[in-house]
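Subject: Structure handover

Hello,

Here is the structure you asked about, with notes on what was found in it below. Please look it over before reading on.

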Amino acid sequence: MTFSSLIFIFIFFPITMLLYALVPGNKVKQIIIFIAGLLFYAWGSPKHLLLLLLSVVFHYASAMEIARQDRRGAYFTKKVTMIIAIGFDVLMLAVFKYAGLALPIGISFYTFSAISYILDVYWGKATHSANPLDAALYITFFPKVISGPIVQYKDFKEQLESLEYKRTNLSKGLNLFLIGLFKKVLLADSLGAAFNIAYGTVGRTTATAWLGMIFYSLQLYFDFSGYSDMAIGLAQMFGFRFEKNFDYPYISKNMTEFWRRWHISLGAWFRDYVYIPLGGNRCAPLVQARNLAVVWILTGLWHGSTLNYLAWGIYHGIFVLLDKFVIKKKFDFLPDAVRIIVTGLIAFIGWIFFFTPNLGSSLHYIGELFGAGGNGFWDVTTSFILKQNLLLLILSFLLSGPYVKRLHDNLTYKQGGAMKIASLCVYVVLFLFCIVNLVSATYNTFLYFQF
């Protein structure tokens, strides 16, 4: 089951939301959400539900032992317990990601949540709760269990004790959920279809290769940011406030800024649980460079087991290191548009490592961008693909920046009245288009489910 499936939109979510709104008391609401999380996960990966529950039990017991040893002042035993728990998580990821086994859906995301749980308790950022439901809810919460955002335990736990149904939360969360649905169904899926044509073209010209790269880069953004919007909106409807996970990364002026705007929760996780413990930037430049290199190598390995992902991590790590230690502000005199285009080009080329099956094909595709394919610059196929998708491309580039949203908000919230009604009508029409697409389209999952 995905957020963009008809069964979720018309059956699973309405029933869960209705029960949540009707049942009294914080604890009963927590139980409703927990059961919903198990059903949601089991629908997509029933054979791996036991593994998810094992993770919950193991990490609850580990955190309880860490807290017990802390009260006793047995700090060595406390540290050993933490190392065993983290070692278990690393082993699980290594076994499933790198040993060729069937990858349990969401394991990369809920394992990082589990590590956050252990380390937040170990470092005293959050107290261990005697109620096992707290840990269970944190790891299995259905808006984030499969593909994030990777909310840290200390932030999640603070909100557990004050759950309540509010119509304002419902309306705001529903608005964000619908925006995410529009991004996924109307933009990402359409871009994905265009990408499949360009990528599947035999004898790609240089221009067709560029179109394929652009289609995929835009698809990935709208697909994953759309999922994140839907997840954050769902969480808000149930009383949780999650920080945004994307902040218009394709308007970034350098790669350091890009990674502050793209998959923000993953970047924050690596910052707080890897980069800062290694010493962060409060150390000699060479050590800081090492810390950044470690983070980027791990980020690549987190995404997948092939050399593609390692190369992708190294590729971005190099540009971040160049930004930090070499380029700095030397190109700030250039027009913003130039810096945005250059940064976008670097990011777009990087995504080639995601959609090609191996490192050799990645390098071959990059070569095609610069004429190494030997198939010429342009042909009738290029013209056909561009003509069929020109409006989609223009709209996607416009919506990958904040400009349309700013215009909408200015018209809707400042002028109000008829503009609010017009905005509501637009939402209804777009929602109907989404439903028509979902009824007629073949199954199309979210791209980040593969990680």
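The lining of the second largest cavity divides by class into five nonpolar, two polar and one charged residues; Ala, Val, Leu, Ile, Met, Phe, Trp, Tyr, Cys and Pro count as nonpolar, Asp, Glu, Lys and Arg as charged, and the others, Gly among them, as polar. This is a predicted model, in which local features need pLDDT of at least 70 and side-chain atom pairs count only at pLDDT 80 or more, while totals for chains, interfaces and linings use all residues. Residues are numbered from 1 along each chain as its sequence is written, and side-chain values use heavy atoms, leaving out hydrogens and water.

The residues around the second largest cavity are Phe109, Tyr110, Ser113, Lys144, Val145, Gly148, Pro149 and Ile150. On a 1 Å grid over the protein atoms alone, a cavity is a set of points where a 1.4 Å probe fits but cannot get out, a pocket is an open set with protein on both sides within 12 Å along at least five of seven lines, and lining residues have an atom within 4 Å of a point. The space in the second largest cavity is about 30 Å³, where grid points are joined across faces, edges and corners and a volume is the space filled by probe spheres set on the points.

The largest cavity holds about 60 Å³. Its lining consists of Leu51, Ser55, His59, Phe88, Asp89, Met92, Ile107, Tyr110 and Thr111.

The largest pocket has about 1,500 Å³ of space. It has 41 lining residues, with Ile179, Lys183, Tyr248, Lys405 and Tyr427 nearest its centre. By class, that lining has 23 nonpolar, nine polar and nine charged residues.

For the second largest pocket the volume is about 1,200 Å³. Of its 42 lining residues, Trp259, Arg260, Gly267, Ala268 and Arg271 lie nearest the centre. Helix 11 gives the largest share of this lining, ten residues. The lining has 16 nonpolar, eleven polar and 15 charged residues.

Last, a helix pair. Helix 12 (residues 285–303) packs on helix 13 (residues 307–327) at about 150 degrees, with the axes 7 Å apart; axes are lines fitted to C-alpha atoms over the stretch in contact, and angles run from 0 to 180 degrees between N-to-C directions. The two are therefore roughly antiparallel, a term for angles over 145 degrees.

Regards

Note on methods
Helix = DSSP H or I, 4+ residues; strand = E, 2+ residues; numbered from the N terminus. Parallel < 35°, antiparallel > 145°, perpendicular 65-115°, else oblique.
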